[in-house]
Amino acid sequence: MQVSANSNLNQSSLSLEKIKQLQRASRREELGRNWYKFSRNPISVVGLFVVVSVILLAIFAPYVAPYPAHAGPFTDFANAKKPPSPAHWLGTDQIGRDILSRILFGMRSSLLMGVVVLSLVVPPGVLLGLLAGYYHNTWIDTLIMRVTDIFLAVPPLVLALAVASVLKPNLWNSMMAVSLMWWPWYTRLVYGLATALRNEYFVIAAEVTGASTAHILFREIFPNTISPILTKISIDIAWVIIIGSMLSFVGLGVQPPEPSLGTMIADGAKYLPDQWWIAVFPALAIVVIVLGFNLLGDGIRDMFASEEA
């Protein structure tokens, strides 16, 4: 009997190990399929390369920037407004700071704003959209969506400027201002998806079996909304960076001497067209970042579209 029990235990452990191996192989196969769908568009791969490069440059800015000290309170009037040269690849600004170094450090605040804002707005926006969509044509739906419509009726930039002008100008308050205007877009997106999914057979079956509302929302409806949510997130990062740069441009974002791409453009605009490099290169940095995230978002959208097809 003991030998038989040990044999059963060994067989059970072997079967569990085989199941784990199959699961790992399935995940690798799924990852390979997703990469194949994504890489079919070379432009999306370029976007991924740009985004990864920007993130790495921002993280390791203190090590790759030629003049890290220029990201702080630094002046060198003897080298002010110098054009691009071997010593300063992108030139210097009006007080002699290296523009390349400040761009690399300025990308940090831009990326941080995109990540923090979306981390703050996506969870509540998705939750409210799920609730309003599941309780369609009830007072919950009416309350949530009418408040959402009020926020959507106000131009996003105007709302962000109004909120930021009341608060103390700094990076974190500008994040709060942008977050306040961004959540309704996710509520509206998920609301449309949840409204359509609530009448599907798998949702009705879950209701019939007595599943809780939380189970239906997060285990039945939410997994079917992940694809469009991830696609929107990848594209919205670029828009958040643009809005944050606009706030910095008008003096309501990152404050000097901390570098910000929007502030650098505002300072350099005073010296156009003679010292063009002071404003043009930070503007090009924003273009590259936004273009990279947009191309990445297109690739993610195509990948999920292939899965749904």
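Asp236 is buried, at 5% relative accessibility. Buried here denotes under 20% relative accessible area, exposed over 50%, and partly exposed the range in between, with a 1.4 Å probe and protein chains only. The model is a predicted one, in which local features require pLDDT of at least 70, side-chain atom pairs count only at pLDDT 80 or more, and totals for chains, interfaces and linings use all residues. Residues are numbered from 1 along each chain as its sequence is written, and side-chain values use heavy atoms, with hydrogens and water left out.

The side chain of Asp236 forms a salt bridge with that of Lys232, at 3.3 Å from N to O. A salt bridge is a side-chain nitrogen of Lys or Arg within 4 Å of a carboxyl oxygen of Asp or Glu. Both Asp236 and Lys232 belong to helix 10 (residues 226-249). They are 4 residues apart, about one turn of the helix. Helices are DSSP runs of H or I with at least four residues, numbered from the N terminus.

Asp236 is also among the contacts of Trp182. With neighbours within four places in sequence left aside, Trp182 touches Leu118, Val121, Asp236, Trp239, Val240 and Ile243. Contact means heavy atoms within 4.5 Å. Trp182 belongs to the largest nonpolar core, which has 69 residues. Ile103, Trp182 and Ile221 have the most contacts inside this core. Helix 4 (residues 99-134) gives the most to the core, with 16 residues. A nonpolar core is a set of buried Ala, Val, Leu, Ile, Met, Phe, Trp, Tyr and Cys residues joined through side-chain atoms within 4.5 Å. In soluble globular proteins, nonpolar side chains tend to be buried together.

Ser110 lies in helix 4. Its relative accessible area is 7%, so Ser110 is buried. Beyond neighbours within four places in sequence, Ser110 is in contact with Ile241 and Leu261.

Ser248 is buried, at 5% relative accessibility. Its contacts, apart from neighbours within four places in sequence, are Gly253, Val254, Ser260, Gly262 and Thr263. Ser248 and Ile233 are separated by 15 residues in sequence. Their C-alpha atoms are 22 Å apart.

The structure contains 5 salt bridges. Asp93 and Arg97 form one of them through their side chains, at 2.8 Å from N to O. Asp93 is buried, with 5% relative accessibility. Arg97 is buried as well, with 8%. Arg301 pairs with Asp298 in a salt bridge, where the closest N and O atoms are 3.6 Å apart. Both Arg301 and Asp298 lie in helix 12 (residues 277-308). They are 3 residues apart, about one turn of the helix. Arg301 is partly exposed, at a relative accessible area of 43%. Asp298 is partly exposed too, at 25%. Arg146, Asp149 and Arg188 are joined in a network of salt bridges.

Helix 2 (42-59) and helix 3 (61-64) each contribute at least two residues to the patch. Helix 2 gives the most, with 5 residues. Phe60 sits in the loop between helix 2 and helix 3. Phe60 is partly exposed, at 41% relative accessibility.

Val166 lies in helix 6 (residues 156-166). Val166 is exposed, with a relative accessible area of 69%. Val166 and Pro156 are 10 residues apart along the chain, and their C-alpha atoms are separated by 16 Å.

The protein chain is assigned domain 1 (1-40) and domain 2 (46-305). These bounds come from an automatic or database domain assignment. The C-alpha centres of domain 1 and domain 2 are 40 Å apart. Their contact takes 4 residues from domain 1 and 5 residues from domain 2.
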